[in-house]
Amino acid sequence: MGTDKLLAIVLFILGLNSCCGFKFALEDILKPHHSYIRPENHHGVTYINVSVVLNSLEMDDSRRVMRVSGELVQEWEDEDLRFAGGRNILTTAIGLYGEHGQSIKSQIWLPDMTPSMALEQDLTYKSDFLRLTSEGRITWTKIFSATVPCEMELAYYPFENYRCLLMFHSLGYDTEELRPNWSLEPAVHYEYTQVSLPCEIDDVITDHSSFVTTQRARRRLEAEIEMECYSGWTIKHTVVPFMVSVTMAYLVFYLHPRAVTSRLLLSLMSFIIAMMVHERTYRNVPQYPYTMAIEVFTGTCLGFIFSTMVETLIVDTISRSGDKLGQHNYSREVEDTSELGSREQLVAQWLDRAFRIMYPLTFIIFNIIYWIVLMTQVAQLD
């Protein structure tokens, strides 16, 4: 029993001695250290390993941008901050975070990596964590959010893919002073990223490049985020309603040719419904200077619906012209005016029946050609 108490007392004294020794040793290390002095070590250039953890991605089709939020992790070495040996030999790493760590962090040099070409950005220094190891290796993790532009292949909308470029560069140091590099694979972690539907991350390609501003060359880290979006929502809320509207307008050909009012109301109702779906669809689609695939489909469907109104007016005009010929008696000799009038009505009926066959046949042929060509083009892009 006495041995156990003696061992506990010895361990307590050693632990207290180690903590106090580390406190004094850390203060001794940071006292001559200046936060504005960049650690050059033996290379003259400060090398930083950068990695990114993507927490959430939110797509904005109308603005062609993506809002990214995540963690920016930077690692570098500072030989002046080594504290191994002596009374703090049991301490291998310390973590500095929150308000109580700000005073110590203010004495340590920190890199100035910031998002490049971001429309909006926010680097939250209060929500960060700094780890210092006994070998002088520093790992600094901070929360960031940025809105970056995206390249969208809208020609084949809604089967488009997004390529969004997330970039970081030093705000003030050039390549001869600060040289950031991506960490070992994977440099960008996105396994548990929350992505706004209906998209998912297909791949992330990392690279680096150099650019010159104010006659100073700086290195920029690039992460190209390839997004694959699903077209199910657009098909359900655009393609299907348009097909239903075209089918509803097709019922016009089964009404009597003389029921002009009913036929025009049915065609007009189908046209109005299609236009409402059209406006709702393009409200969230970004402006594109060239013709999109969805525009070809919706425009053709509107043309089919409009053709039913034109056909109704043509059939009614031909039918009524036969009635006028049968009712009026001209000065010139006509053998059988009643037969001539019935012949006009037969032409109107024949035209109506021809449209009854040609209308769905041409629409089916259009859809076959349209979807085959579109799927072929999309497959070539992938």
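User: Which helix is the place of arginine 280?
Analyst: Arginine 280 is in helix 4, residues 260-282. Helices here are DSSP runs of H or I with at least four residues, strands are E runs of at least two, and both are numbered from the N terminus. Residue numbers start from 1 along each chain as its sequence is written. Keep in mind that this is a predicted model, where local features need pLDDT of at least 70, side-chain atom pairs count only at pLDDT 80 or more, and totals for chains, interfaces and linings use all residues, while side-chain values use heavy atoms, with hydrogens and water left out.

User: Why does arginine 280 count as partly exposed?
Analyst: Buried means under 20% relative accessible area, exposed means over 50%, and partly exposed is in between (1.4 Å probe, protein chains only). Arginine 280 has 37% relative accessibility, so it lands in the partly exposed class. Its C-alpha atom is 9.2 Å from that of histidine 237, a residue 43 positions away along the chain.

User: How much of the whole protein counts as buried?
Analyst: Of the 382 residues, 39% do. The fold has 6 helices and 12 strands. Its accessible surface is about 21900 Å², with 58% of that belonging to carbon and sulfur atoms; the areas come from the Shrake-Rupley method with a 1.4 Å probe, and for residues only the protein chains shown count as cover.

User: Which strand runs parallel to strand 1 with 5 bridges?
Analyst: That's strand 8 (residues 178-182), joined to strand 1 (residues 46-60). Tyrosine 47 has arginine 179 in strand 8 as its bridge partner.

User: Why is the pair of tryptophan 109 and tyrosine 173 called edge-to-face?
Analyst: Rings of Phe, Tyr and Trp (its six-membered ring) pair if their centres lie within 6.5 Å; planes under 30 degrees apart are stacked, over 60 edge-to-face, and the rest tilted. These two centres are 6.0 Å apart with the planes at 65 degrees, so edge-to-face it is. The partners come from distant parts of the chain, 64 residues apart: tryptophan 109 is in the loop between helix 2 and strand 4, tyrosine 173 in the loop between strand 7 and strand 8. Tryptophan 109, at 2% relative accessible area, is buried.

User: What makes the pair of phenylalanine 297 and tryptophan 371 tilted?
Analyst: The angle: their planes are 55 degrees apart, with the centres at 5.9 Å. This pair bridges helix 5 (residues 293-327) and helix 6 (residues 337-381), 74 residues apart. Phenylalanine 297 has 0% relative accessibility and counts as buried, whereas tryptophan 371, at 22%, is partly exposed. Both belong to a cluster linked by ring pairs, including Phe304 and Tyr370.

User: How do you know that arginine 356 sits over the ring of tyrosine 254?
Analyst: A charge sits over a ring if NZ of Lys or CZ of Arg is within 6 Å of the ring centre and within 35 degrees of the ring normal. The charged end of arginine 356 is 4.7 Å from the centre of the tyrosine 254 ring and counts as sitting over it. Arginine 220 lies over the face of phenylalanine 211, at 4.5 Å.

User: How do you know that cysteine 150 and cysteine 164 form a disulfide?
Analyst: The cut-off is a pair of cysteine sulfur atoms within 2.5 Å. These sulfurs are 2.0 Å apart, and they form a disulfide. The link is right-handed, with 105 degrees about the S-S bond. It joins strand 6 (residues 137-152) to strand 7, with the cysteines 14 residues apart. Cysteine 150 is buried at 10%, and cysteine 164 is buried at 0%. A search of the whole structure finds 1 disulfide.

Conventions
Pairing = 2+ DSSP bridges.
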